[in-house]
Amino acid sequence: MTDELHPAEAAQALADIQKHQQQVIDRATVPTWYWWAVGALMVVLAVGVDNRTPIALGVTVSVFVAGLLLATGLAVRGQFRDARLRNGLLDGRGVVAILGFVALIVGCTLGLAFGLRAAGVSYPATLACAAGGLGMGLGGPVLMRTLRRIMLGNRAGSAR
Amino acid sequence: MTAARFDDLIHAPTRLAIVSLLAAAEWADFKFIRDSASLSDSALSKQLATLEQAHYIEIRRGFVGKRPRTSARLTPAGRAAFEQHLAALQEMVARSGATILPR
């Protein structure tokens, strides 16, 4: 069989292998709407923080927690049902990218909130979380593309 | 570096699709494999049985609630065979002077 196989057929087989591995990796990608949902929930939570009344805080924290659980459940439900990514596809670079993204969003949001409060601006947490939420919505898909690139680079048969 | 060894069992198009999917996963659900590889239930069952007989995959049958659920995973032998097959394909392409461009 090996001797009969034309290089073009081997190339086609390699392309098919890559396509099928991408299908598994793409299935594990968090959808874009999820990042915007988390960004919006951050703003909801911040409204409660700025409002400073127990009832506002109670309501917004409840909405935040329930919304986050629902959004996360919807985003990952299909992934856990369909396939679990191979360990090792997401290496140390992926972990650094995720932690770096979280640190950037949290750091910038907190820094902005404290800065606005020090400047005497009304609703500093809400404004800062609106900026943080925007960063989440815009940056989340970029993080996903980065993780996808890392995983494709670590799949079997990739040119490492 | 992985030794190159062309594997006739893996190279059949439907089995190559199945093994490629499983190579990127710890395990994959029967329906996901079926839909991703565009196979019918019976065709997938037949190919999974062939791969299982070769000890290339392990099939798990269980229940989620009352629904039966079947999933499959590559065994270490299956993963090794797949990687050797990949290396053989890459060697063939490299020998011909062609390149595989990432899509």
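## Chain B: order of elements

Read from the N terminus, the elements of chain B follow the order α-α-β-α-α-β-β-α. That gives five helices and three strands. The model is predicted. The C-alpha trace of chain B spans about 55 × 25 × 20 Å along its principal axes.

## The hairpin

Strands β2(B) and β3(B) are antiparallel and are joined by eight bridges. Strand β2 of chain B covers residues 57-64. Strand β3 of chain B covers residues 67-74. B:V64 has B:R67 as its bridge partner in β3(B). B:E58 stands opposite B:R73 in β3(B).

Two residues lie between the strands of this hairpin. B:G65 takes a positive phi there, near 70°.

## A sheet from two chains

Which strands make up the open sheet, and in what order? There are four, in the order β1(A)-β1(B)-β3(B)-β2(B). The pairing is antiparallel. Strand β1 of chain A and strand β2 of chain B stand at the edges. Each has a single partner strand, so one side of each is left without a neighbour in the sheet. On average, neighbouring strands of this sheet are turned by 20° against each other, direction ignored. In general, strands of a sheet pair through backbone hydrogen bonds, either parallel or antiparallel.

The pairing between the chains rests on β1(A) and β1(B). Three bridges join these antiparallel strands, with β1 of chain A formed by residues 83-85. A:L85 is one of the residues involved, and its bridge partner in β1(B) is B:A25. Within chain B, β1(B) and β3(B) are also antiparallel, joined by two bridges. In β3(B), B:S71 is the bridge partner of B:D29.

Helix α3 of chain A, residues 54-82, lies across β1 of chain A and across β1 and β3 of chain B. The helix runs at about 95° to β1(B).

Over all chains, the count is ten salt bridges. One of them pairs B:D29 with B:R69, where the closest N and O atoms are 3.4 Å apart. This pair links distant parts of the chain. B:D29 is in strand β1 of chain B, B:R69 is in strand β3 of chain B, and 40 residues separate them.

B:R34 sits in helix α3 of chain B. Its side chain makes a polar contact of 2.9 Å with the side chain of B:D41. Leaving out residues up to four places away in sequence, B:R34 touches B:L39, B:S40, B:D41 and B:L44.

## The interface

How many residues does each chain bring to the contact? Chain B brings 30 residues, and chain A brings 30 residues. The size of an interface is often given as the accessible area lost when the parts come together. Here chain B and chain A bury about 2,800 Å² between them. Carbon and sulfur atoms account for 67% of that area.

What polar links join the two chains? The count between chain B and chain A is one salt bridge. The side chains of B:E26 and A:R84 form it, at 4.0 Å from N to O. Seven residue pairs are in polar contact between chain B and chain A, both residues being at pLDDT 80 or more.

Several elements of chain B supply at least two residues each to the side that touches chain A. They are α1 (8-11), α2 (13-23), β1 (25-29), α3 (30-36) and α5 (76-95). Helix α5(B) gives the most, with eight residues. By type, the residues on this side of chain B divide into 18 nonpolar, five polar and seven charged.

How values were computed. Residues numbered from 1 in each chain as written. Chains lettered and ligands numbered in written order. Heavy atoms only, no water. Contact = heavy atoms within 4.5 Å. Buried area = accessible area lost by both parts, 1.4 Å probe. Polar contact = N/O pair within 3.5 Å; in protein donor to acceptor, adjacent residues only side chain to side chain. Nonpolar A, V, L, I, M, F, W, Y, C, P; charged D, E, K, R; others polar. Pairing = 2+ DSSP bridges. Axes fitted to C-alpha atoms, helices over the stretch in contact; angles between N-to-C directions.
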